[in-house]
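Dear colleague,

Please find the structure below.

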Amino acid sequence: MKMLSEKATCNSHGQDSSYFLGWQEYEKNPYDEIQNPKGIIQMGLAENQLSFDLLESWLAQNPDAAGFKRNGESIFRELALFQDYHGLPAFKNAMTKFMSEIRGNKVSFDSNKLVLTAGATSANETLMFCLADQGDAFLLPTPYYPGFDRDLKWRTGAEIVPIHCESSNGFRITKSALEEAYLDAKKRNLRVKGVLVTNPSNPLGTTLSRKELELLLTFVDAKGIHLISDEIYSGTVFNSPSFISVMEVLIEKNYMKTDVWERVHIVYSLSKDLGLPGFRIGAIYSNDEMVVSAATKMSSFGLVSSQTQYLLSCMLSDKKFTKKYLSENQKRLKKRHAMIVKGLQNAGINCLESNAGLFCWVDMRHLLSSNTFDAEMDLWKKIVYDVGLNISPGSSCHCSEPGWFRACFANMSEDTLNLAMRRIKDFVKSTDTNTINEISHQNQQQTNANSKKKAFSMWVFRLSFNDRQRER
Amino acid sequence: MAIEIEKSIVGLSKIANSNTHGEDSPYFSGWKAYDEDPFDELHNPCGVIQMGLAENQVSFDLVEEYLGKNGEAINYGSSGFSSFKENALFQDYHGLFNFRKAMANFMEKIRGGRAKFNPDRVVITAGATAANELLTFILADPGDALLVPTPYYPGFDRDLRWRTGVKIIPIHCESSNNFQVTPQALELAYEEANSKKIKVRGILITNPSNPLGATIQRSNLEEILDFAVRKNIHLVSDEIYSGSAFCSSEFVSIAEVLDSRKYVDSERVHIVYSLSKDLGLPGFRVGTIYSFNDLVVTTARRMSSFTLISSQTQHLLAHMLSDDDFTGNYIKTNRDRLKRRYEMIVDGLKRSGIECLKGNAGLFCWMNLSQLLEKPTMECELKLWNKILCEVKLNISPGSSCHCSEPGWFRVCFANMSEQTLEIALKRLHNFMQKRTKDSYAVE
């Protein structure tokens, strides 16, 4: 009898081969300003490292928060014992107020409708367990965060059906794309339970327009399905248009007394806005009592450490701090974003116009030897090995058009970013399409031999520290 | 004429609608009664005393003392461990190496160095609740079964079954041999599965046992492992109470058994551990899976993405558990204090005419009130439980909630309160027993 379950032996954990390769190469040869200046620069990691100084100074001024003290008194025992899956009330209050603040206080949230989870990874999976049975489908606009293939499908048995978005209209969601996806699901005999959007989008870095939000609500209303809005980048909006939450549109369009109201669920996290992915702070917000109830019970499988809940309850309750943090963080992101856009422009490369997130959606179609995903892979390998930049190929995000890449800009110093820009400029200057063709042909033969070996070793499950959790 | 198509609205999943989370059982209504009228020495001395919560509150002072002297465990920057930024960014599902190393060391110390643990086999999860569910996802498919000896922790019904779709088939254990697992009971359970055409994927034991409060004997562990080998199934050993064995040498870990067999057949064995009981830190969500199977380690690690331990907490514990002075002293002192509490409650119960199963570990004792039952039925047990809850004002756990096949047994926790409160609880029980003796011929 085979020893492990189907889930253990399938590959729905999605440690995608191209991603794996990029990570592996980076780990073997990571850039370091002093120790390894020719190494690979990590641009595939959507981390926010721009505002730690603000967090560190707050911590230094507020030692009680990390010291298990409230008003100078120790509450260590209380916290050590606190494992109530309803979450620390002070923390949930602070979270909901923070979420409101990010939305310009145009929406208010009820902390009783908030469920805490160990990161948004856990929140998304938990929502799937609550809303979808094995074999049911959720529609997702492409391109989307590669981790969704694991988070939404692996243990839940749910399916993802893509809503194809195209560069011709800036990858905006259209009515026809929605309808087409719905039909696709039907053709595959899948019952559609809902739509999941990421707003602001990963990997696009754009906020959903009011029109798109209205379209989505009309669509889920008509089909009688759910809408999940993953808003984990909501605090990273640095340019207009300002962030419009789906909650805002629900209220504006008078959906409050309809059944749609209870079918919209929001996912949030402090991993991106606050740059604290290690602390595993995620949340589900829902107007449906049953979802809140089921998700709360399920959160037993992934609670937030009470030590961490307390620290963040203190931090987020400090309104002076949150105001300063949000505005300063946005300023810094804006500056970085401008830097990378300009740097790429200097190399003759354009990005999708974006106003949020920790990354740019880069258009390298003109550098492809042919308008194919094979050519995209060739280009990507070249950028990883020859240019020394680990960026994420659009195909790993299920983009329907080859040639797009996601490049992160907030997980490194300014100097490193400048270096990355110089490298890419040099690369573009030194090659033209013919040369790319030639080199890529040679590389292809090399890669074919290598990739067979690599493919085999990847699926032999040896203990290896080269495989890493995929980041957003 | 237009055809009206009725819009059907999708509801929630089957899992969300099921009650396999188990929270509708009477076990949880005891909680409710406590929440509504909680005992407090000063403010509510007649309230319900919570004896249904297996928490360890007897050794907090040691942890607090450590924290008082070791600021860098909760702050950052100095002494070689990571900076705040590094720590806050660390979301690698391998877990902090220093933390894994410290956990492996701690587990070794608890076992008196009789087993060795490799940090590279430690997989981190947010609590043992997550660890048990995760292992079930990996070892079994929906519809398959795990064999679990009764009586068992009520939470397993949710943890092992709810989202996984896996079934539990009980291995019935009896008081006649102190509820030990016998090869016959194992076979019976396996046959039951077969007859229902259910595939058995593994056995899950808790050692030391919850709710029995007793360690599993070495010979018994050997039999269970042999059975797993014969049937080619897995063995999960939940050892979360290993540090709560009153006497170190009385606890034998499955790791020790494997060691003596030179690790033959070890790839089917997996250990679950947590700091919720031994260290009294359930709020921090610190669990681990230790597997001797490479594929399980790799898969579990990937799955742990859904349930990682806060790096802030990993940092704290890496410090604390690397401190040999602290851990050595903690383990010994904690054992002694738990033993003392156990003796206190068992003696107190004896004086009231109540016997307990001979225990040597854990945060509770397994109390025998079967002689008080009108009839040896679950209904009578629940009636008695309700009486104890409402009249004696003690929330204890009825054996039926632990799937015990014999009515009349109750789990009574003793480490989640002060000694004074325990005295009060014992007094109340004493009064109750005296009154019953007087009324012993009265009809219920």
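In what follows, a residue is called buried if its relative accessible area is under 20%, exposed if over 50% and partly exposed in between (1.4 Å probe, protein chains only). The model is predicted, so that local features need pLDDT of at least 70 and side-chain atom pairs count only at pLDDT 80 or more, while totals for chains, interfaces and linings use all residues. Residues are numbered from 1 along each chain as its sequence is written, chains are lettered from A and ligands numbered from 1 in the order in which they are written, and side-chain values use heavy atoms, with hydrogens and water left out.

Rings of Phe, Tyr and Trp (its six-membered ring) are paired if their centres lie within 6.5 Å; planes under 30 degrees apart count as stacked, over 60 as edge-to-face and the rest as tilted. Over all chains, this rule gives 31 aromatic pairs. One of them is the stacked pair of Phe68(A) and Phe284(B), at 5.8 Å centre to centre and 15° between the planes. Both residues are buried, Phe68(A) at 3% relative accessibility and Phe284(B) at 1%. Together with Phe76(A) and Phe60(B), they form one aromatic cluster.

The pair of Phe321(A) and Tyr325(A) is tilted, because the ring centres are 5.8 Å apart and the planes stand at 40°. Phe321(A) and Tyr325(A) are both buried.

A charge is taken to sit over a ring if NZ of Lys or CZ of Arg is within 6 Å of the ring centre and within 35 degrees of the ring normal. Lys223(A) lies over the face of Tyr182(A), 4.5 Å from the ring centre. Likewise, Arg158(B) has its charged end over the ring of Phe301(A), 5.8 Å from the centre.

Yours sincerely
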